[in-house]
Amino acid sequence: MLYPLTFAPIFKEIIWGGGDILPYKGYTADERKIGESWELSHVDNNISVVADGILKGESIDYLICEYGAQLLGAKVMRQFGSTFPLLIKFIDARDNLSIQVHPNDELARQRHDSFGKTEMWYVIKASQDAVLYSGFSQQIDASEYVRRVADNTITDVLQRYKVHAGDVFFLPAGRVHAIGSGCFIAEIQQTSNITYRIYDYNRKDAQGHGRELHTKMAKDAIDYTLYPDYRTQYSPHADTPVELVACKYFTTNLLDLHQAVRRDFSSLDSFVIYICMSGDAVLRDDADCEVNVCQGQTILVPAATTGVVLSPAPHCKLLETYIS
């Protein structure tokens with residue numbers, strides 16, 4: 001029988017990583033620079049494994065093969081096949097990450113036989129001077145983009161945001177973006193590992209070599225449309241879902257809970273993911289299976305579940321994500 005599932009995190013030790021992810025998730029801090037924790041992944045060579053219960057040790061691959069639509073939802077399987085369609089991460093950046101862009105589904109399929117990558121960021125915390133880039137600050141075209149990469153001025157035409165806890169950024173495929181030093185974020189994205197690196201601040205490794213750039217490939221992937229604001233605006237409300245992002249790849253709500261709430265999934269036909277930003281809660285499904293939800297934890301509720309009750313103890317902030 002399926003039940004609310006937790007998975008063993010896949011920690012990524014990266015040169016730009018920091019020391020916040022382990023203690024945030026309740027692990028003892030150590031000397032590793034953990035830049036990312038992949039909470040739920042169906043990316044090749046990074047397949048999530050169940051952490052608790054009778055299915056402990058089984059992979060997300062096994063769950064999909066064994067349970068299919070009971071896990072994913074029939075609608076989700078028609079859209080995405082037997083691939084789990086979302087990748088959930090925590091990211092702790094202690095240095096500026098490269099400027100990058102991701103292709104859309106059509107381009108990714110043509111070039112890489114892969115899904116594209118649309119994603120979103122929720123800022124969990126940020127240092128006093130933390131910034132990130134999202135979109136353009138002025139109108140440019142493909143030829144100006146190539147020129148500015150070559151002469152190291154591409155950041156001059158990117159929209160730069162000073163960020164704070166609770167900020168949200170939606171990043172559809174084609175939007176140029178970068179995470180800056182001091183940002184600790186939760187990322188929800190399509191299951192894809194295709195990234196085109198545009199600019200890396202002209203940094204060199206110990207041998208004096210710069211990182212590979214994908215200038216030409218990115219040129220055709222970029223959306224050059226200029227928008228007035230790239231930050232997602234929303235009004236927080238306690239004890240009711242607040243929609244942050246709604247697109248064909250995922251819908252994400254913020255739940256800031258001070259009292260128990262019931263969430264009805266009887267007509268959803270999709271799995272639901274809860275990512276705990278802070279606090280603690282008990283999640284009880286319609287079969288009376290209970291699981292404790294605590295800060296830094298990710299829970300996968302199978303599509304066969306018709307509803308859950310979330311009871312904070314005494315307060316809990318969650319991201320709720322599903323395919324609508």
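## A first walk through the model

Hello everyone. The largest cavity here has a volume of about 50 Å³. Please keep in mind that we are looking at a predicted model. The structure holds 1 cavity of 30 Å³ or more.

What lines the largest cavity? You will find G135, F136, P172, R175, V176, D223, T225, Y227 and Y230 around the space. By class, that lining splits into 5 nonpolar, 2 polar and 2 charged residues.

The largest pocket holds about 500 Å³ of space. Its lining is made of 26 residues, and those closest to the centre are W16, E36, L97, Q100 and T195. Several strands give two or more residues to this lining: β2 (10-18), β3 (34-40), β6 (86-93), β8 (119-126), β12 (177-179), β13 (183-190) and β14 (196-199). If you sort the lining of the largest pocket by class, you get 9 nonpolar, 9 polar and 8 charged residues.

The second largest pocket comes to about 280 Å³. Here 14 residues form the lining, with I15, D200, R203, K204 and R211 closest to the centre. The classes in this second lining are 4 nonpolar, 4 polar and 6 charged.

Now let's turn to a helix, α5, which covers residues 105-112. Which residues of α5 are buried? They are D105, L107 and A108. These three span an arc of only 165 degrees around the axis, so they sit on the same side of α5. As a reminder, an α-helix has 3.6 residues a turn, so residues three or four places apart point the same way. On the face of α5 turned away from the buried side you can find the exposed residues E106 and Q110. And what covers the buried residues? The cover includes β13 and α7 (215-221).

While we are on helices, have a look at R148 in α6, which runs over residues 142-150. Is R148 buried or exposed? R148 is buried, because its relative accessible area is 13%, below the 20% cut-off. Leaving aside neighbours within four places in sequence, R148 is in contact with Q138, T153, I154, D156 and V157.

Next, the cysteines. How many disulfides does the structure hold? The count is 0. Take C276 as an example: the closest cysteine sulfur belongs to C316, and at 3.6 Å the two sulfurs are too far apart for a bond. The reason is that a disulfide needs the sulfur atoms within 2.5 Å. C289 is in no disulfide either, and the nearest cysteine sulfur, that of C294, is 18 Å away. Both cysteines count as buried: C276 has a relative accessible area of 0%, and C289 comes in at 17%.

Most residues other than glycine have a negative phi, and most peptide bonds are trans. With that in mind, find N45, which has a positive phi of about 70 degrees although it is not a glycine. N45 belongs to the loop between β4 (42-43) and β5 (46-47). With a relative accessible area of 79%, N45 is exposed.

Y201 is another residue other than glycine with a positive phi, near 60 degrees. Y201 is partly exposed, at a relative accessible area of 24%.

Where is there a cis peptide bond? Go to the step from A313 to P314, where omega is near -10 degrees. P314 lies in strand β22, residues 307-322.

My last stop is another proline, P241, in the loop between β15 (231-232) and β16 (242-246). P241 is partly exposed, with a relative accessible area of 35%. Not counting residues up to four places away in sequence, P241 touches N253, L254, L255 and R263.

To recap, we have seen 1 cavity of 30 Å³ or more, a largest pocket of about 500 Å³, and 0 disulfides.

Conventions: Residues are numbered from 1 along each chain as its sequence is written. This is a predicted model: local features need pLDDT of at least 70, side-chain atom pairs count only at pLDDT 80 or more; totals for chains, interfaces and linings use all residues. Side-chain values use heavy atoms; hydrogens and water are left out. Buried means under 20% relative accessible area, exposed over 50%, partly exposed in between (1.4 Å probe, protein chains only). On a 1 Å grid over the protein atoms alone, a cavity is a set of points where a 1.4 Å probe fits but cannot get out, and a pocket is an open set with protein on both sides within 12 Å along at least five of seven lines; lining residues have an atom within 4 Å of a point. Grid points are joined across faces, edges and corners, and a volume is the space filled by probe spheres set on the points. Ala, Val, Leu, Ile, Met, Phe, Trp, Tyr, Cys and Pro count as nonpolar, Asp, Glu, Lys and Arg as charged, and the others, Gly among them, as polar. Helices (H or I, at least four residues) and strands (E, at least two) are DSSP runs, numbered from the N terminus. Contact means heavy atoms within 4.5 Å. The arc is that of the directions from the helix axis to the C-beta atoms.
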